[in-house]
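User: Could you take me through this structure and show how its features should be read?

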Amino acid sequence: MKLGFVGTGAISDAVIRGVLRSDCAVDEIIVSRRSEHISQKLAADFDRVRVEDDNQAIIDQADVIFLAVLPQLSKEILSGLHMPDDKKVVSLIATIPIADMKAWLDTDARFDRAIPLPPVEHHSCVTAVYPGSPDVMALFEKLGGAVAAKTIDAFDGYATGSALMGTYFTVLENAAQWMVAQGSDYADARRYLAALFAGLSENTAKSPDQGFADLYEGHITAGGLNDQVAQTFLREKGGAAIHTALDEVFARVKAASKGG
Ligand SMILES: NC(=O)c1ccc[n+]([C@@H]2O[C@H](COP(=O)([O-])OP(=O)(O)OC[C@H]3O[C@@H](n4cnc5c(N)ncnc54)[C@H](OP(=O)(O)O)[C@@H]3O)[C@@H](O)[C@H]2O)c1
């Protein structure tokens, strides 16, 4: 199987490195020259990567084509290309609907959309896919896991959920600064909190049958210190803030999908 990448930026780099570190049956990966510093490094690091100047040549030679250009440039770039109907397309482009891409590329090819995140390089994150063709699911399973979104709303919900990363670091930074105010060195507070949350993530990963509420029960004493912090967070409307933030991001994703 030959994979092609139109757009060799940050996320293509992570996916390609993840694929080539897996046992995916991939004979060759053909990448567009842009971004040249990334495509050159990939070709230097892996014999199976070849750089092409022409996006149409990538499409013509590959069996599965990944589209990974920026959303605002996608109409201009894709409109100049033709996608034969027998190709399989995986679009990583945020917000652009499949119907728009099919119209620009003048094709009935099979499309999936996916939201890989940078840790796919090390097979340590789960990728949301819509609608979830079996071969695309199998590929992302090898990069850490895949979830198929049954509807476009569910898919946009995953895109929205991935926007919580900044909040994670904001919580940790606020906690570290508070500990510094009590006399800790920042480096020690950072190390302590990072290990605490890494351990919780590990416990969570090892207990796939337990919901987050079950894990709360398992880790936290009712009326204890952790329970107190969580209850204060809710009392101060932390839970409502998360819902409001996700609602607002979801609306933004939907507006962008309509060209709004
Ligand atoms: N980064 C993430 O975590 C992530 C996750 C999921 C989805 N996405 C989506 O994936 C897409 C790419 O994101 P990214 O973070 O990888 O962005 P990026 O690093 O800016 O990559 C975009 C790439 O498109 C290239 N490009 C521009 N015009 C081109 C053309 N005519 N032909 C071929 N390539 C061209 C750019 O090359 P130059 O540098 O030479 O301009 C650049 O390498 C976006 O739609 C984004 O929404 C990103």
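Analyst: We can begin with the secondary structure, where helices (H or I, at least four residues) and strands (E, at least two) are DSSP runs numbered from the N terminus; the protein chain has 12 helices and 8 strands. This is a predicted model, in which local features need pLDDT of at least 70 and side-chain atom pairs count only at pLDDT 80 or more, while totals for chains, interfaces and linings use all residues. Residues are numbered from 1 along each chain as its sequence is written, and side-chain values use heavy atoms, with hydrogens and water left out.

User: What does the C-alpha trace span along its principal axes, and what share of the residues counts as buried?

Analyst: Buried means under 20% relative accessible area, exposed means over 50%, and partly exposed lies in between (1.4 Å probe, protein chains only). The C-alpha trace of the protein chain spans about 65 × 40 × 35 Å along those axes, and 37% of its 260 residues are buried.

User: Which residues form the patch of negative charge on the surface?

Analyst: Patches are made of residues with over 30% relative accessible area and no salt bridge, like charges being joined within 9 Å and nonpolar side chains (Val, Leu, Ile, Met, Phe, Trp, Tyr) within 5 Å; a salt bridge is a side-chain nitrogen of Lys or Arg within 4 Å of a carboxyl oxygen of Asp or Glu. Lys and Arg count as positive and Asp and Glu as negative, with His and the chain ends not counted, and the place of a charge is taken as NZ of Lys, CZ of Arg, CG of Asp or CD of Glu. Here the negative patch gathers Asp27, Asp63, Asp85, Asp86, Asp106 and Asp108, and Asp86, in the loop between helix 4 (71-79) and strand 5 (88-91), is exposed because its relative accessible area is 65%.

User: Which residues make the nonpolar surface patch?

Analyst: Accessible areas come from the Shrake-Rupley method with a 1.4 Å probe, and for residues only the protein chains shown count as cover. Leu164, Phe233, Leu234 and Ile242 make a nonpolar patch of about 340 Å²; Leu164 sits in the loop between helix 7 (152-161) and helix 8 (165-181) and counts as partly exposed because its relative accessibility is 34%.

User: Which residues does Asn55 touch, leaving aside those up to four places away in sequence?

Analyst: Contact means heavy atoms within 4.5 Å, and Asn55, which lies in helix 3 (residues 55-61), touches Val6, Ser32, Ile77 and Leu81 beyond that sequence limit.
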